Amino acid sequence: MKNPRFKKAFDKSYKEFLLSELLIAMMEEDEISVRELAKEAGLSPTIIQKVRSGKQDDMKVSNFVSIAYACGYKVILEKDDERFVIEDKKKNKKHYLNFVHA
């Protein structure tokens, strides 16, 4: 890990692995297919499959929130005693993020 190039590549791969594993776990818990999740989240099945397989280099926060909500989860930012729930709002098939102080 002393080699900066190796560390950077490792960190990137590890983050992709974590996101992929998280998505797989959420899908298995709900017993939901790629196509079903894509429809629920309002995303393309290709996006879901890329994340699931670890081939997605990065992800929009709005896509992550949509997937989490489609699986029944909430996304919460927390710092000290402050909590903000990031809500997925759908309007005319577009997703909007709404921050609510909790």
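## A surface charge pair

E78 is exposed, at 57% relative accessible area. Exposed means over 50%, buried under 20%, and partly exposed in between, with a 1.4 Å probe and protein chains only. R83 is partly exposed, with a relative accessible area of 35%. These two residues form a salt bridge, and their closest N and O atoms lie 3.5 Å apart. The term requires a side-chain nitrogen of Lys or Arg within 4 Å of a carboxyl oxygen of Asp or Glu. A search of the whole structure finds one such bridge. Side chains of opposite charge can pair when their charged atoms come close.

## Model and confidence

This is a predicted model, in which local features need pLDDT of at least 70, side-chain atom pairs count only at pLDDT 80 or more, and totals for chains, interfaces and linings use all residues. Residues are numbered from 1 along each chain as its sequence is written, and side-chain values use heavy atoms, with hydrogens and water left out.

The predictor's confidence in each residue is pLDDT, on a scale from 0 to 100. Its mean over the protein chain is 80, and 76% of the residues reach 70 or more. Confidence is highest in helix α2 (residues 34-41), at a mean of 93. Strand β3 (residues 94-101) has the lowest, at 62.

## Overall fold

The protein chain has four helices and three strands. Along the sequence they follow the pattern α-α-α-α-β-β-β. Helices (H or I, at least four residues) and strands (E, at least two) are DSSP runs, numbered from the N terminus.

The protein chain has 102 residues, and 26% of them count as buried. Its accessible surface comes to about 7,800 Å², with 53% belonging to carbon and sulfur atoms. Areas come from the Shrake-Rupley method with a 1.4 Å probe; for residues, only the protein chains shown count as cover. A contact means heavy atoms within 4.5 Å. Among contacts between residues at least 6 apart in sequence, 37% join residues at least 24 apart.

## Helix α4

Helix α4 spans residues 61-70. Its buried residues include N63, V65, S66, I67, A68 and A70. N63 counts as buried because its relative accessibility is 14%. Leaving aside residues up to four places away in sequence, N63 touches L43 and I47. After α4 comes G72, with a positive phi near 90°.

L18 sits in helix α1 (residues 4-30). At 42% relative accessibility, L18 is partly exposed. L18 and G54 are 36 residues apart in sequence, yet their C-alpha atoms are 8.6 Å apart in space.

A search of the whole structure finds one cavity of 30 Å³ or more. On a 1 Å grid over the protein atoms alone, a cavity is a set of points where a 1.4 Å probe fits but cannot get out; lining residues have an atom within 4 Å of a point. Grid points are joined across faces, edges and corners, and a volume is the space filled by probe spheres set on the points. The largest cavity holds about 40 Å³ of space. Its lining consists of L19, L22, L23, M26, V51, M59, F64 and I67. α1 gives the most to this lining, with four residues. Both α1 and α4 supply at least two residues each. I67, one of the lining residues, is also among the buried residues of α4.

Terms used. On a 1 Å grid over the protein atoms alone, a cavity is a set of points where a 1.4 Å probe fits but cannot get out, and a pocket is an open set with protein on both sides within 12 Å along at least five of seven lines; lining residues have an atom within 4 Å of a point.
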